[in-house]
Amino acid sequence: MSRPGTLLTVAPTGAEHAKSDVPHLPVTLPELVETARDCEQVGAAMVHVHIRDDDARPSLDLGRLKDTVQALRTETNLVVQLSTGGSVHDPEADRLRALDALPDSASCTMGTINFGDEVFLNRWEFVVSLHLAMRERGIVPEYEIFDLGHLAALRRLLDRHGLPAGGRVHVDLVMGVPGGMPGDAETLTAALRLLPEGATFSATGIGRTSLPVMFTALGAGGHLRVGMEDTLSYAQGQPVRDNAQLVARAAGLARIAQRPPLSPADARALLGVRD
Ligand code: KMH
Ligand code: ZN
């Protein structure tokens, strides 16, 4: 039996790190496009995008989001996924409006969690609005799972409101956030038992949980998300050089696991994203 390849997603920026603390964090559109191109070269098939304003602060400005989607489509072949999570300070209306930039895919977080010292608020009604608005626009969701209960919420969402655009269900297990589920093999295995039937999954481990989560996900047939949104350390005492360094390592591990990186075209087929 042939083993399916590995979808590699890069999350290059996020909303949490300050440019002043991490000068090589890609925050401008040219920096983002350059990073995306480099990451595609070494095996990424999807990019999970957060943008920043002129002062490098997190932004959900619709004009900028549209320019970003267009630039990434012109300059790369990657599946373009916009964050609707934004930063913990973003209002729901701005997060929902991000969908008007019409990306291929968008994140949809399945519940509220403590997020370090903050709260990442995702009310049930808001989650339903995101799910329905994405389906209306033909945007394929990636359901972000920060805690095991979020998988129960996902099953409830699909039972009550049906399948998303594209007809597939893909989740991303975001593990190791302080306040969310731990990033370890036992928790990842427990999460798999709660996945909706037929769903595919990616996993990412925040900070030092990056490697244990990557090894466990690969062994369990899952896909991988890596990037500077999630970890700034390549190894103990060794800061990340750039996003492509993290993608290249993940691609190497995927090849060792005999599940080489999927091309963007194969990723579209896996996720149900239209060409
Ligand atoms: N920045 C976090 C509060 C997402 O992109 O959808 C939320 C987040 C999840 O990063
Ligand atoms: Zn994100």
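Terms and values

H7 lies across S10, strand S11 (200–205) and strand S12 (223–226), and runs at about 160° to S11. The model is predicted: local features need pLDDT of at least 70, side-chain atom pairs count only at pLDDT 80 or more, and totals for chains, interfaces and linings use all residues. Residues are numbered from 1 along each chain as its sequence is written, while chains are lettered from A and ligands numbered from 1 in the order in which they are written.

Q: What makes H7 a helix, and which residue range does it have?
A: Helices (H or I, at least four residues) and strands (E, at least two) are DSSP runs, numbered from the N terminus. H7 covers residues 210–219, and leucine 218 is placed in it.

Q: How is the angle between H7 and S11 defined?
A: Axes are lines fitted to C-alpha atoms, for helices over the stretch in contact, and angles run from 0 to 180 degrees between N-to-C directions. On that scale H7 runs at about 160° to S11. Helix H8 (residues 243–256) lies across strand S1 (8–10) and S12, at about 170° to S1.

Q: Why is leucine 218 called buried?
A: A residue is buried if 20 or more other C-beta atoms lie within 10 Å of its own, exposed if 12 or fewer, and partly exposed in between; C-beta atoms are placed from the backbone. Leucine 218 has 20 other C-beta atoms within 10 Å, so it is buried.

Q: Which residues are in contact with leucine 218, leaving aside its neighbours within four places in sequence?
A: Contact means that the C-beta atoms of two residues, placed from the backbone, lie within 7 Å. Leucine 218 is in contact with Thr6, Leu224, Leu253, Ala254, Ala257 and Arg259.

Q: Why is alanine 56 called partly exposed?
A: Alanine 56 has 15 other C-beta atoms within 10 Å, so it counts as partly exposed. Its place is in the loop between strand S3 (51–52) and strand S4 (58–59).

Q: What makes the phi of alanine 56 worth a note?
A: Most residues other than glycine have a negative phi. Alanine 56 is not a glycine, yet has a positive phi of about 65°. Leucine 102, also not a glycine, has a positive phi of about 50°; it is found in the loop between helix H3 (92–97) and strand S6 (105–109).

Q: How do you know that S6 and S9 pair?
A: Two strands pair if DSSP finds at least two bridges between them. S6 and S9 run parallel and are joined by 5 bridges, and serine 105 stands opposite valine 140 in S9. S9 and strand S10 (residues 170–175) are joined by 3 bridges, also parallel.

Q: How many residues of strand S9 are buried?
A: In S9 (residues 140–145), 6 of its 6 residues are buried.

Q: In what order do the strands close into a barrel?
A: The order is S1-S2-S5-S6-S9-S10-S11-S12, which is 8 strands with parallel pairing. The twist averages 25° from one strand to the next.
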